[in-house]
Amino acid sequence: MTHFPLILLSAIICVGALVATFMIGMKPEDKNYRKHTKKRMYILSGIYVVTFVPALVFTIIYFFMR
């Protein structure tokens, strides 16, 4: 249980980053942003899947193996 506060803080930061990314994506400042939005959203989604899914799986495995 000593690692729980650190894991919880990391999860909060990751969720905050995810929310901020989508908020920026919905109301961008760049006028040409809409032209490249689809490609950028695919790239961002890929990054989140590659990072969040393994992190979640390994965290669950870590707690069940203890």
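Predicted model: local features only at pLDDT ≥ 70, side-chain atom pairs only at ≥ 80, totals over all residues.
Residues are numbered from 1 along each chain as its sequence is written, and side-chain values use heavy atoms, with hydrogens and water left out.

The protein contains 2 helices and 0 strands; these elements are DSSP runs numbered from the N terminus, with helices (H or I) of at least four residues and strands (E) of at least two. Helix H1 covers residues 4-26, and helix H2 covers residues 33-65. Of the 66 residues, 6% are buried, where buried denotes under 20% relative accessible area, exposed over 50%, and partly exposed the range in between (1.4 Å probe, protein chains only). The accessible surface of the protein amounts to about 5900 Å², and carbon and sulfur atoms account for 76% of this area.

A nonpolar surface patch of about 610 Å² is formed by Val 49, Val 53, Val 57, Phe 58, Ile 61 and Met 65. Patches consist of residues with over 30% relative accessible area and no salt bridge; nonpolar side chains (Val, Leu, Ile, Met, Phe, Trp, Tyr) are joined within 5 Å, and like charges within 9 Å. A salt bridge is a side-chain nitrogen of Lys or Arg within 4 Å of a carboxyl oxygen of Asp or Glu. Val 53, one of the patch residues, lies in helix H2 and is partly exposed at 45% relative accessibility.

The largest pocket holds about 300 Å³ of space. A pocket is an open set of points on a 1 Å grid over the protein atoms alone, where a 1.4 Å probe fits, with protein on both sides within 12 Å along at least five of seven lines; lining residues have an atom within 4 Å of a point. Grid points are joined across faces, edges and corners, and the volume is the space filled by probe spheres set on the points. Helices H1 and H2 each supply at least two lining residues, and the largest share, 7 residues, comes from H1. The lining includes Ala 11, Phe 52 and Leu 56. Ala 11 belongs to helix H1 and is partly exposed, at 37% relative accessibility. The C-alpha atoms of Ala 11 and Leu 56 are separated by 9.2 Å, although the two residues are 45 residues apart along the chain.

Tyr 48 is buried at 16% relative accessibility, whereas Phe 52 is partly exposed at 27%. For Tyr 62 and Phe 63, the centres are 5.5 Å apart and the planes at 70 degrees, so this pair is edge-to-face. Tyr 62 is partly exposed at 34%, as is Phe 63 at 31%.

Definitions and conventions
Phe/Tyr/Trp six-rings, centres within 6.5 Å; stacked < 30°, edge-to-face > 60°. Areas by Shrake-Rupley, 256 points an atom, 1.4 Å probe, with all protein chains shown as cover.
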